[in-house]
Amino acid sequence: MKVLITLLLIFSPLFSVFKLSAAEQAGTIFKQLAPSLYQIRLIDKASGEKSTIGSGFQITADGLIATNYHVISGHAQYPEKYHIQYLDHQGNKGELSLASVDVINDLALVKREVPAPMAFFSIADHAPTKGEKLYSLGNPHDLGMIVVPGTYNGLKKESFTDKIHFTGSVNSGMSGGPVVNKAEQVVGINVATSGNQIGFLVPHDKLAKLFKGYKSSPPETIEQQMAEQLIANQKAMVDTLLTSQWQPKMLGYGIIPTIDVPFIRCWGESNTDKQDALIQSVVANCAMDEDTFIDNNFFTGGIEMQFQYMETSKISDFKFYHLYQRQVARAVASNKATKDDVTEFACHHDIVMPASSKINNKSILCTRNYKKFPDLFDVLYLGLSVDRDTQALISHFTIAGVEKNMALAFTKQFMESVSWK
């Protein structure tokens, strides 16, 4: 016991020194960088009040500021309704203009007028190392600018779009703020939190690419820039899916595909423990856990696949078919959109037996068009087997924001990968 007490007495001052050192370093970083930090506000023109707030940081001497796209998305989509404003560390306010966006990586560049060159953040040349101490700066809950220490834990593995896993409290209002290393260089941008000291950052190289593109060729319009980014991202995703391994998997007496990519994860459920159930059902659901934010009521970029096997020996063929057909009404798009964003779904029905498959399906293919991005569509497919009396296999997918040729290529491969055993 005396040895333990002695060790505690020896090490306790060291722990205090480490804590004090980290706090002192965080304080020093904040004091030096505060003049280049901003609260970014979206102001409703009619009421004159704040609609959203976030954070931002200056990256050039002439007033170019980086933030998250979602912080200023209202202005990007409805410039007649909102304008963008900054609040600096001394309480001064001013107007901002929207210069460029990266809607896929949730980044935006906004511009303020400056009377003379100002201090600004430098963007790092290299990514941090695993376990490196970092400092997140921002404006949580409209309480004023703060700095939060945390740790770099590499890129999130289950993601199509690169995100840094950051151990630190990235709270509401810190979105768009910088995360810096000990050299005060930006290595990431606050973007999201999962709570319990788990945050996610946009890697610094995404900001460097956006900045380089803006310097060499500013976008003609934000809408056109967003359309090009959405098309390129979905083409890359669908190409990745089509060229990856599609592994056949048993579901009841059916065969369904699983796609060998890390950004799609699957879950399953069944009622096989319910011996008194009229219909035995097994369900598999595979989806991305990310999407692309356009505005609060409009998301795109996701994919979901659902499969259900059903069988019965307790009810008539007619009743089974009647209950089975109800599944058609349950198929909906997986992404959120309003009538201002998309057209109504237009659907085509047919009876199909793919050449490489052993199943007859009633197939329904539906599409709806994006009003602001007319080359993009949400696609919904539903296949219902019609060749067995007391067994059924339902295959369903939705993809958000794809071009027609991409949608057709995916639909063909999906249909051909579903079959009976």
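Q: What share of the contacts in the chain with a separation of 6 or more comes from residues 24 or more positions apart?

A: A contact means heavy atoms within 4.5 Å. In this chain, residues 24 or more positions apart account for 62% of the contacts with a separation of 6 or more. The model is predicted, so local features need pLDDT of at least 70 and side-chain atom pairs count only at pLDDT 80 or more, while totals for chains, interfaces and linings use all residues. Residues are numbered from 1 along each chain as its sequence is written, and side-chain values use heavy atoms, with hydrogens and water left out.

Q: How many helices and strands does the chain have?

A: Helices (H or I, at least four residues) and strands (E, at least two) are DSSP runs, numbered from the N terminus. Here there are seven helices and 25 strands.

Q: In what order do the strands of the open sheet with S14 stand?

A: Two strands pair if DSSP finds at least two bridges between them. Three strands form this open sheet, with antiparallel pairing, in the order S14-S15-S25. Strand S14 (246-251) and strand S25 (419-420) each have a single partner strand and stand at the edges, so one side of each is left without a neighbour in the sheet.

Q: How many bridges join S14 and S15?

A: S14 pairs with strand S15 (residues 254-259) over six bridges, in the antiparallel sense. Thr258 in S15 is the bridge partner of Gln247.
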